[in-house]
Amino acid sequence: MVGVVALDFSKYPIPTQAFIGGKYVNCKNTDKHGLRSSVNDEVLTSDLQWASAEDVDAAVAAAESGLVAWGKIPNTQKRDIMVKFASLVRENSSQLAWLEAVLVGKDPRIGGFGINEVAELFTYYGNIIHQFHGQIQTPHEDGTLEYVIKQPFGVVAGITPFNEPLLTFAMKVAPAVAAGNAIVLKASEQNPLSTLFIASLTKAAGFPDGVINVLTGGVESGSSLASHMKIRMISFTGSIQVGKLVQQAAAQSNLKKVTLELGGKSPVIVFQDADLEKASKMSAAFLALNGQGCLLGTRMYVHEDVAQEMTMRMKGIVEFMGQSLGSDPLNPSTMTSPLFNHRQKDVVMKFIEQGKSEATLLTGGEAVGEKGCYVQPTIFVNPSKSAKVLREEVFGPVLTIVTFKDEQEALDMANDTEYGLAAYVHTRDLGRALRFTKNLQAGMVAVNSAMAYDKARPFGGWKQSGQGYENGVAGLEDWSQTKSVLLSL
């Protein structure tokens with residue numbers, strides 16, 4: 001039985017207002033919403049302000065002013081501002097981590113990783129601003145000169161998810177402002193506190209008022225951003241269903257550019273020559289964030305020769321991790337998190353209950369504790385081909401294991417999905433690794449590793465896992481427009 005962890009909610013202020021034009025402001029909408037901790041169900045606040053379409057208009061107006069001011073700042077000064085912001089993020093890491101720990105129970109390792117990557121992303125993009133330029137072609141025979149330049153869209157927007165609000169904030173905001181834009185970002189209504197606080201650090205870093213604005217709210221504010229006639233690009237991270245609505249609203253308004261990161265059902269393929277100890281440890285990454293991660297490998301395909309050993313290794317790891325459920329998220333030794341809200345807990349439990357009739361439950365499969373959002377890490381084996389736990393994104397600590405006989409069968413099963421975000425391959429055969437990764441239908445692949453993420457590596461999915469790119473130079477280019485110029489003297 002998971003015990004109830006007592007949390008002190010008074011250590012830091014709870015931000016509840018929108019951040020518009022360089023300061024916290026009251027929303028014109030008078031609706032207030034509550035947030036309760038997924039750790040112990042206690043209410044953190046009942047005063048979270050909810051942005052309306054009118055508030056979105058105010059944020060866009062602030063961004064228009066910020067855009068002008070930002071455009072007058074030299075690139076070297078922009079770099080210094082972004083690097084200073086990164087430093088402020090590190091200085092305030094304890095408060096940022098606390099805001100997520102008490103609300104969603106994020107464990108210290110994952111929380112610390114996300115905050116560090118925020119600082120890394122702003123530093124990275126700050127330092128490559130001066131490298132971001134177009135192309136000049138040699139003069140043509142007729143004396144004309146042709147060149148290509150990259151320019152910002154202007155006012156842009158972002159919508160972030162509940163599982164990694166800070167990291168996705170940085171993945172959108174850092175390249176957006178580095179490319180010269182001003183941005184209005186809607187934080188997750190279920191996990192907005194750390195994002196609302198980090199926005200305030202932009203003022204101390206030296207960003208002009210209005211360059212970075214943060215709102216929180218529901219359907220109205222999100223729809224207003226997607227359909228706003230003065231917003232020229234929007235980046236959304238979340239579900240396929242909502243991503244399609246964002247794209248529809250963008251098309252029906254002003255045909256704004258849309259970048260989508262829509263989750264995944266990432267396969268893990270373990271061949272008979274794999275280092276099973278390493279493969280099992282790497283594959284245990286599906287438990288990070290308690291399974292609430294788009295990149296996580298939750299479909300495991302194991303060669304029949306090593307299936308029994310690999311399955312027992314995964315079972316042991318899962319059961320060991322399950323023993324730490326309910327640990328204090330403020331304790332540095334805590335390794336697990338709850339599900340981040342009751343709605344997600346209900347979704348995961350519905351998947352698990354249906355999975356019990358579509359596959360064999362190996363371990364886990366139950367909600368635990370009288371308070372909070374805890375679910376046992378769960379493994380299913382031998383699922384039917386149509387099993388929902390095999391085919392759909394659960395976004396929880398649920399792994400499904402399937403055996404295969406040969407490489408082609410493994411490839412066919414791995415690609416048999418509408419998702420295409422990430423994939424993981426474990427083999428000692430270099431030729432197989434190169435051949436197999438080329439044929440996988442996924443935007444990111446890791447071989448003998450657990451993580452396909454890196455700030456300098458393009459982040460994006462195939463199929464219905466999304467469109468466009470974040471991170472790396474590709475992410476910077478995604479937030480800019482191309483202009484070709486023909487000069488004749």
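Let me start with strand β3, which covers residues 32-36 and holds Lys-32, and let me say at once that what we are looking at is a predicted model. Lys-32 has a relative accessibility of 45%, so it counts as partly exposed. If we set aside the neighbours within four places in sequence, Lys-32 is in contact with Ser-46, Asp-47, Leu-48 and Gln-49. For one of these, Leu-48, there is also a distance to give: the residue sits 16 residues from Lys-32 along the chain, and the two C-alpha atoms are 5.3 Å apart.

The largest nonpolar core has 101 residues, and the members that touch the most others are Phe-122, Phe-169 and Phe-207. Helix α5, residues 165-178, supplies the largest share of this core, with 10 residues. Taking Phe-122 on its own, and not counting residues up to four places away in sequence, we find that it touches Met-82, Phe-85, Ala-86, Phe-169, Ala-170, Val-173, Ala-174 and Phe-207.

Is Thr-195 buried or exposed? Its relative accessible area is 0%, and therefore Thr-195 is buried. Beyond its neighbours within four places in sequence, Thr-195 is in contact with Pro-165, Leu-166, Phe-169, Leu-185, Ala-187 and Val-214. Phe-169 is a name we have already met, as one of the residues touching the most other members of the largest nonpolar core.

Technical notes
Residues numbered from 1 in each chain as written. Predicted model: local features only at pLDDT ≥ 70, side-chain atom pairs only at ≥ 80, totals over all residues. Heavy atoms only, no water. Core = buried A, V, L, I, M, F, W, Y, C linked by side-chain atoms within 4.5 Å. Buried < 20%, exposed > 50% of the residue type's maximum accessible area, 1.4 Å probe, protein only. Helix = DSSP H or I, 4+ residues; strand = E, 2+ residues; numbered from the N terminus. Contact = heavy atoms within 4.5 Å.
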